[in-house]
Amino acid sequence: MLSKRFFAVLLSFMLVLGLATACDSNTSEPAATADSETEDTTVSGDGTVFYLNFKPEQDAEWQALAKKYTELTGVKVDVITAASGQYETTLKSEMAKREPPTLFQVNGPVGLASWQEYCYDLSGSAVYGELSSNEFALMSGSEVMGIAYVVETYGIIYNKALLEKAGYTQDDIKNFEDLKTVAEDITARSDELGFSAFTSAGMDPSSDWRFKTHLANIPIYYEYKADGIGSTDAIKGTFLDNYKMIWDLYINNSTTSPALLGTKTGDDSVAEFVTEQAVFYQNGTWAYGDVSVLGDENLGMLPIYIGAPGEEQQGLCTGTENYWCVNKNASPEDIQATLDFLYWCVTSDEGVKALCEDMGFVIPFKGNLPAANPLVNIANDYVANGYKPVSWNFPTMPSEAWKNDLGSALTAYAADTGSWDDVVTAFVDGWAKEYAAVNAG
């Protein structure tokens, strides 16, 4: 379960971008390390590494990093990247093969429940010793089942130039009512302005996670906050009216008819944003590479407002659901090779540069570099100015089936083939049903 202290650490980590706290010094050393490509890099043993990557947007960078490591060490590193929204399905398929991944990802406590029997205890590893805080470890009792490898932030990315062309700046948007006023005014003048308020809220698998998971996190966050809890077996849906308000705003003030959202993709949303067809685009710091063509000076990010009490002091959504796990069923040689590779990734000049600069990650390790990603710096500014980040609570969502049922209900509601009551049923009744099913026995 994610603790309150975890989120406190996240805040301070995002603010200073390099928190270094004392970690357990009783960690094993890797077989060999390299601080630069000019050093003699050798790794003992005959093991290989097979990484099933979760992030399609960083596939090219992971392939390049794997190639570099192989060139330096002679150790074979294969990287396969799952399609967007298909990681769990791909992981199940790959784990059933003769040569399964030696390195994979789970998305927090719920994901760990499905894969814990495959997870090697990392508590004695050198890479675990590089964490800036042990709060970034995914624990099962005293065992370290996974370690976070990226801290991320999401909100509503916006085009400053288009917003100003519509007659507004970020100072005009401090809560949901402000956002609604601006969006609906842009919609009313869209023919004159030549652009819409929001990109399409695509509900195909490459895009629906933005709304069935990331957007759904906001009402969950406020319910947990109101009830003083960090998870639940039965969500009440206290803030689902607010969820409806922001969803209605998205689908009724975008580039696309609500009835067509089921056919729209993540690529469609990116294209609409970078070709200046829309002002607002819900996504996160990881999307910088997709939108950087607009120029850093034109990129801003707003909190996702839903009309909740006190949201004027709300910041962006900051956290992680990305945890590396090492397959304990791999051979000892492959386990050691994988541990060596991870240690090199978070300590060597090449590895850290690839993670922090090429991939644009904020990494929760001692070697983290200052961010070149302006969206990360915007997130830091919110924290520095006293705004409270929204914690990532979606790792407590009971199952992928729950998310998929919610996504289907949202799509049907947008297309007017379903009602909001169906969304509420999927959210509340579906939560209790899926939680019970996942935790049966």
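A: A residue is called buried when its relative accessible area is under 20%, exposed when that area is over 50%, and partly exposed in between. The model is a predicted one, and in its chain of 441 residues the buried class makes up 55%.

Q: Why is Thr102 called buried?
A: Its relative accessibility is 4%, and the limit for the buried class is under 20%, so Thr102 counts as buried. Thr102 is found in the loop that runs between helix 3 (87-95) and strand 3 (103-106). Leaving aside residues up to four places away in sequence, Thr102 touches Thr48, Val49, Phe50, Cys325, Val326, Asn327, Ala330, Asp334 and Thr338.

Q: What makes the approach of the Thr102 and Thr338 side chains a polar contact?
A: The two side chains are joined at 2.8 Å, and the rule asks for a pair of N or O atoms within 3.5 Å, one able to donate a hydrogen and the other to accept it. The pair therefore qualifies as a polar contact.

Q: Why is Gln313 placed in the partly exposed class?
A: Gln313 has a relative accessibility of 48%, and the class lies between the 20% and 50% limits, so the residue counts as partly exposed. Gln313 is located in the loop between strand 9 (299-302) and strand 10 (314-319), and, with residues up to four places away in sequence not counted, it touches Gly386, Tyr387 and Lys388. Gln313 and Asn175 are 138 residues apart in sequence, and their C-alpha atoms are 9.0 Å apart in space.

Q: Why is Gln277 called partly exposed?
A: The value for Gln277 is 38%, which again falls between the 20% and 50% limits, and therefore Gln277 counts as partly exposed. Gln277 lies in the loop between helix 12 (266-274) and strand 8 (278-284). Its side chain makes a polar contact of 2.8 Å with the side chain of Thr275, and, not counting residues up to four places away in sequence, Gln277 touches Phe195, Ser196, Thr255, Ala271 and Glu272.

Q: What makes the ring pair of Tyr51 and Trp62 edge-to-face?
A: The ring centres are 5.0 Å apart and the planes are at 75 degrees, whereas the rule requires centres within 6.5 Å and planes over 60 degrees apart, so the label edge-to-face applies. Tyr51 is in strand 1 (residues 49-53) and Trp62 in helix 2 (residues 59-73), and both residues are buried. Trp402 and Phe427 also form an edge-to-face pair, with 5.1 Å centre to centre and 75 degrees between the planes; these residues belong to helix 17 (residues 400-414) and helix 18 (residues 420-438) respectively. One aromatic cluster is formed by Tyr51, Trp62, Tyr149, Trp324, Phe361 and Phe365.

Q: Which residues touch the most other members of the largest nonpolar core?
A: In this core of 76 residues, they are Tyr243, Ile246, Trp247, Tyr250, Phe280 and Phe427. Helix 11 (residues 240-252) gives the most to this core, with 7 residues. Apart from this core lies another, of 58 residues, including Val150, Cys356, Phe361 and Val362. Ile246 touches Phe176, Leu179, Leu215, Ile304, Tyr305 and Ile306, when residues up to four places away in sequence are not counted.

How values were computed:
Residues are numbered from 1 along each chain as its sequence is written. This is a predicted model: local features need pLDDT of at least 70, side-chain atom pairs count only at pLDDT 80 or more; totals for chains, interfaces and linings use all residues. Side-chain values use heavy atoms; hydrogens and water are left out. A nonpolar core is a set of buried Ala, Val, Leu, Ile, Met, Phe, Trp, Tyr and Cys residues joined through side-chain atoms within 4.5 Å. Buried means under 20% relative accessible area, exposed over 50%, partly exposed in between (1.4 Å probe, protein chains only). Helices (H or I, at least four residues) and strands (E, at least two) are DSSP runs, numbered from the N terminus. Contact means heavy atoms within 4.5 Å. Rings of Phe, Tyr and Trp (its six-membered ring) pair if their centres lie within 6.5 Å; planes under 30 degrees apart count as stacked, over 60 as edge-to-face and the rest as tilted.
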